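Good morning, and thank you for coming.

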Amino acid sequence: MSQTIRNKAVGVETIGMTMRFGAFMALDDVSIKVPAGSFHALLGENGAGKSTLVKCMMGFYHPTSGDILVAGREVDIASPRDASALGLGMVYQHFTLVPSLTGAENLVISREKVPDIIDWRKERAELAAFMQRMPFKLPLDVKVAELAAGEKQKLEIIKQLYLGRSFLVLDEPTSVLTPGEAQEVLGLVRDMTRAGDITVLMISHKFHEVTAFADDITVLRKGKLTGTRKVSDLSQKQMAAMMIGDQPIAALDSRAEPKPDAEIVLKVKSLKAPDRTGLKSIRIEDLGVRSGEIVGIAGISGNGQKEFMEVLAGQRARHGGEVLIKGAPYASTRGEARALNVRLIPEEPLKNACAPKMTVAENIAFRTFDIDGNGKPVSWISAGAIKAFSARLVEQFKVKTASLSSPISSLSGGNVQRAVLARELTGEVDLLIVSNPCFGLDFSAVAEIRARIMRARNTGAAVLLISEDLDELLELSDRIFVMSDGALVYETPVAQAIVQTIGEHMAGHH
Amino acid sequence: MVATEIGLWGVPLAIVGGAIRVSTPFIFVSLGEAITERSGRINLGLEGMLVFGAMTAYAVAVMTASPWPGLLAAAAAGLCFGLFHGWICKFPGVNDIAIGIALMLFGSGLAFFFGKPYIQPSAPDLPAIPFGGWSDIPQVQAALNVNVLFLIGAALAVFLWWAFRNTRVGLILRVVGDSSDAARAMGLNPDTVRLVATGVGGALAGIGGAYLSLYYPGSWTERISSGQGLMAVALVIFARWNPLGCFAAALLFGGAGALGPALQSVGVTQGYYLFYAAPYILTLVIMIATSSPSRSLAGAPGELSITK
């Protein structure tokens with residue numbers, strides 16, 4: 001690769017893009033125009049057709065009908081290879097870098113033409129020259145696995161530029177970044193569009209990012225184009241209306257006044273547990289959650305929140321320390337959870353809270369199938385009672401399922417979460433432990449789940465909410481802790497919370 | 001007379017000599033397995049390929065009266081077995097470990113079946129280079145009588161170590177082994193890469209087998225392999241998928257394997273059978289020492305089914 005890499009923004013246009021999967025219309029006559037050098041945002045709920053649209057542009061799907069214009073010329077994109085030849089590149093939500101290779105190795109091997117024997121001295125010199133012209137500074141000689149999430153995301157973008165791409169699709173690029181990192185990465189990307197180096201089409205669901213960085217937005221709803229507007233002409237409320245149409249959204253209950261002297265339901269004292277790698281450990285020195293409050297735990301993925309949740313759920317052994325619930329030691333057994341009214345809504349509910357191949361009815365009855373109305377153990381399990389109980393809950397929590405005897409894995413993500421909520425929020429709840437409850441769910445499901453969590457709080461439950469979504473924490477919590485590198489490093493009441501400060505603690509800058 | 005001159009020094013000398021002699025099949029099988037595992041697949045069938053390779057090499061060497069066609073035939077047989085493993089494993093829902101075990105039994109069984117007529121005749125040996133000419137002591141000369149395959153294996157280890165970093169093929173292999181998704185995003189077909197990697201791994205195991213029947217012990221019997229193919233898998237994990245580590249670990253295992261005969265040769269008559277078990281005990285100890293209940297192995301290829 002002796003020629004220097006130059007990027008020059010190109011515009012991309014789709015005309016009448018239609019994609020049908022059997023009887024299902026994923027995209028219906030969508031025409032969008034992304035002019036050269038612009039920063040364009042693509043919005044829409046889950047299943048609105050955003051990824052279908054960009055996958056058609058990238059050659060992963062072949063549209064049923066419709067045309068693509070690159071730099072004003074009609075092109076035929078039959079495969080991802082064709083797309084890259086035209087300078088179209090995509091940065092995926094999940095990293096596509098190879099973790100055990102160094103940054104330099106990742107860049108070189110992703111190139112179209114790699115020599116049989118790699119002359120690292122020459123490659124390094126060329127990479128250094130290339131990095132000189134990049135807005136990001138990155139260490140290229142460490143393994144990607146050792147980079148922070150923000151650095152990985154930057155490397156993904158740099159990789160696309162290194163490959164000479166001039167039109168980039170970013171799929172929710174900030175979902176794994178701290179607010180500070182998100183600002184930095186998007187700011188630099190915007191500067192590059194301003195300089196005319198690249199055109200960007202960003203899939204996002206964060207309104208504040210769209211408002212701050214994008215020039216135009218296109219909104220899709222149920223596979224149809226709702227419209228393309230200038231960002232400066234729209235308020236966030238209008239954007240939301242364009243996305244969800246006129247369907248009703250569950251409103252959050254107003255927050256009941258917190259009682260500072262309420263009973264401390266959950267108390268964690270000098271808890272220690274090994275983390276995923278076994279090389280480090282998580283340490284929770286002191287954490288108390290009172291009845292009638294939501295305590296949020298913020299942090300970037302991989303800082304020990306998952307392990308903490310697993311300890312509380314009984315999925316991970318602890319090395320030391322105490323978990324007390326209403327003063328009683330808690331070892332996460334089924335008996336204790338039942339006696340102390342502890343309920344759990346873990347992340348990835350299908351994996352952590354369900355038996356995927358068992359039926360919806362059975363899954364909903366997991367907490368209660370072996371006791372009768374008075375809490376006495378039964379010796380004979382009644383399938384009829386399980387069905388009746390589940391039918392009532394399915395109705396009450398609006399779980400959409402073909403039948404009560406379908407396997408729960410056949411439900412959509414939002415409905416699995418609703419079924420788990422139905423199980424966990426029925427009956428008396430003194431302590432509710434929640435982790436990333438809305439991950440990957442659409443607008444209306446998110447609103448409803450948050451409303452239910454708030455309602456549980458208002459009726460006197462103590463809620464521990466572990467989330468990677470800072471907006472969610474700011475909306476729901478009474479107090480926010482930041483978890484970084486396995487420990488709680490910062491605490492603030494939500495009224496005094498400053499996103500900037502929280503972000504700095506998340507990044508471990510303190 | 002000379003033996004008494006060097007006395008107990010004979011034990012470490014025999015271990016060194018034994019390490020060089022016994023380690024060669026370990027080197028080839030473990031390098032082959034390192035290639036296969038680096039591509040994200042585990043091939044437990046190498047034991048079967050080793051035994052089948054030993055039989056093929058011996059049979060062809062007897063028929064052609066030269067060890068080299070035997071060596072090539074063993075490599076070709078291993079390649080076929082490896083490709084077969086790689087081909088079956090590309091189908092969804094197929095478990096590479098189960099197929100490996102099946103191939104291990106199949107390869108050994110087939111070798112016994114075809115190998116019956118070759119237990120009696122004797123085949124020409126692979127040549128060795130005497131590096132011990134400077135010494136008058138026969139034990140030293142014997143210990144330093146190094147087979148060409150050992151030297152090739154050592155060179156191969158260094159080459160692979162270099163190639164994993166500095167060649168396109170090496171990088172592609174590591175990409176595929178670490179992340180199928182990333183590989184697909186680059187337009188690579190992980191199944192093809194793994195097919196080739198398993199094939200090459202099988203060919204190297206076949207060469208390891210040829211060494212067994214054509215040099216040390218140097219005859220074809222049904223008990224020719226004492227689990228070298230399986231121990232090599234443990235060895236690759238112990239070596240953290242590093243070819244140089246594989247070479248060093250193979251020497252260590254070879255040395256351990258030579259402990260029993262060495263003690264016997266200096267006149268220890270009691271309990272030396274226990275020392276024959278040294279390689280197996282070493283395997284166990286290494287597996288226990290390098291495993292942990294709460295974490296996955298550092299440095300393991302991400303796509304490997306045993307470490308996921």
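A cavity, in the sense used here, is a set of grid points where a 1.4 Å probe fits but cannot get out. Please keep in mind that the model before you is predicted.

How many cavities of 30 Å³ or more does the structure hold? There are two of them. The largest cavity contains about 50 Å³ of space. Its lining is made up of A:Lys306, A:Met309, A:Glu310, A:Gln315, A:Pro346, A:Glu347, A:Asn352 and A:Ser435. Sorted by class, that lining has two nonpolar, three polar and three charged residues. Helix H9 of chain A, residues 305-313, provides the largest share of the lining, with three residues.

The second largest cavity holds about 40 Å³. Around this space we find A:Glu172, A:Pro173, A:Thr174 and A:Ser175, together with A:Ile203, A:Ser204, A:His205, A:Lys206 and A:Glu209. Here the lining consists of two nonpolar, four polar and three charged residues.

I turn now from the cavities to a pocket. The second largest pocket has a volume of about 690 Å³, and 28 residues line it. Which of these residues lie nearest its centre? They are A:Ser110 and A:Glu112 from chain A, with B:Ala185, B:Met186 and B:Gly187 from chain B. Several elements give two or more residues to the lining: in chain A these are helix H2 (80-85), strand S6 (88-91) and H5, and in chain B helix H8 (168-178) and helix H9 (180-185). H2(A) supplies the largest share, namely four residues. By class, the lining of this pocket comprises 15 nonpolar, six polar and seven charged residues.

Next, the interface between the two chains. In chain A, 20 residues are in contact with 16 residues of chain B. The area buried between chain A and chain B is about 1,600 Å², and carbon and sulfur atoms give 60% of it. Three residues, A:Val98, A:Ile109 and A:Asp116, supply 27% of the area that chain A buries against chain B, more than any other three residues.

Let us look next at how two helices pack within chain A. Two packed helices are described by the angle between their axes and the distance between the axes. For helix H4 (residues 120-132) and helix H5 (residues 149-162) of chain A, the axes come within 12 Å and cross at roughly 105°. H4(A) is therefore roughly perpendicular to H5(A), since angles of 65 to 115 degrees count as such. From H4(A), the residues A:Glu123, A:Leu127, A:Phe130 and A:Met131 meet A:Ile158, A:Leu161 and A:Tyr162 of H5(A). This contact involves six nonpolar residues, no polar residue and one charged residue.

Finally, two points about the backbone. Most residues other than glycine have a negative phi, and most peptide bonds are trans. A:Ser332 is not a glycine, yet its phi is positive, at about 60°. This serine, A:Ser332, is placed in the loop between strand S15 (328-329) and helix H10 (334-340) of chain A. In chain B, the peptide bond from B:Tyr216 to B:Pro217 is cis, with omega near 0°. Where does B:Pro217 lie? B:Pro217 is found in the loop that runs between helix H10 (190-214) and helix H11 (228-238) of chain B.

Thank you for your attention.

Methods:
Residues numbered from 1 in each chain as written. Chains lettered and ligands numbered in written order. Predicted model: local features only at pLDDT ≥ 70, side-chain atom pairs only at ≥ 80, totals over all residues. Heavy atoms only, no water. Axes fitted to C-alpha atoms, helices over the stretch in contact; angles between N-to-C directions. Parallel < 35°, antiparallel > 145°, perpendicular 65-115°, else oblique. Contact = heavy atoms within 4.5 Å. Nonpolar A, V, L, I, M, F, W, Y, C, P; charged D, E, K, R; others polar. 1 Å grid on protein atoms, 1.4 Å probe; cavity = no way out; pocket = protein on both sides within 12 Å on 5 of 7 lines; lining within 4 Å. Points joined across faces, edges and corners; volume = space filled by probe spheres on them. Buried area = accessible area lost by both parts, 1.4 Å probe.
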